[in-house]
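Morning, everyone. Let me put the model on the screen, and then we'll go through the sheet and the core.

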Amino acid sequence: SDEDNNTSWANLTIKAQPDLAVADAGAAFDEAQRRAILSFCIVNNGDTLVKQTTVSIRDRATADTLGNPAMGPIAARGRICRDDQFVAVPIGVSGTRRYDLIVDPQGKIADSSETNNTASVAIKIRGQPDLQFTESTAAFDGAARQVVLSLCVTNLGTAAPAGSEVLIQDR
């Protein structure tokens, strides 16, 4: 038997893959605008360019997707960052609110590691005051020729107001 013909050779090309990761994630609460401001970077730890991907921003309390900003291109061993992602905070919400950031949420990019594609951030939301008139009376004092007003304002909210003013206008 001839054993010299049992060997053959083949060339194999292994393509490098990107390795996307969420890094440097942070959040702050903008009390005046009542919104969360999210910042994060997407890092490509792999050896291949990523032309474009998205980042899903999800509210952990409701599981709602609040945004899907496009990110890219991201060079091999490069990063791209955002510090301007605004997320509205629902009225009446206070306490800690968490948001999950997921790069390539649809799994469209052949990523060498899917274990680092998610990060979470949290913000502390202070309650808001909710001032309402709960009682008001008016009495005319004929002898003094003046109206005496009595007002009761109640805070139905979860935080004390920094101050309050009552404007009275004659119509």
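I'll start with the ground rules, then take the sheet, the core and one tyrosine.

This is a predicted model: local features need pLDDT of at least 70, side-chain atom pairs count only at pLDDT 80 or more, and totals for chains, interfaces and linings use all residues. Residues are numbered from 1 along each chain as its sequence is written, and side-chain values use heavy atoms, with hydrogens and water left out.

The open sheet, then. Three strands, in the order β1-β2-β6, pair antiparallel. Strands here are DSSP runs of E, at least two residues, numbered from the N terminus. Pairing takes at least two DSSP bridges between two strands. β1 and β6 (79-88) sit at the edges with a single partner strand each, so one side of each has no neighbour in the sheet. Strand to strand, the twist averages 20°, with axes fitted to C-alpha atoms and angles running from 0 to 180 degrees between N-to-C directions. β2 and β6 share eight antiparallel bridges. Phe-40 has Arg-82 in β6 as its bridge partner.

Now the core. The largest nonpolar core has 23 residues. That means buried Ala, Val, Leu, Ile, Met, Phe, Trp, Tyr and Cys joined through side-chain atoms within 4.5 Å; buried is under 20% relative accessible area, with a 1.4 Å probe and protein chains only. Leu-38, Ile-42, Val-89, Tyr-99 and Leu-101 touch the most other members.

What stands opposite Tyr-99 in β8? Val-121. β7 and β8 pair antiparallel over eight bridges. Beyond four places in sequence, Tyr-99 also contacts (heavy atoms within 4.5 Å) residues including Leu-38, Val-89 and Ile-123.

Definitions and conventions. Buried < 20%, exposed > 50% of the residue type's maximum accessible area, 1.4 Å probe, protein only. Helix = DSSP H or I, 4+ residues; strand = E, 2+ residues; numbered from the N terminus.
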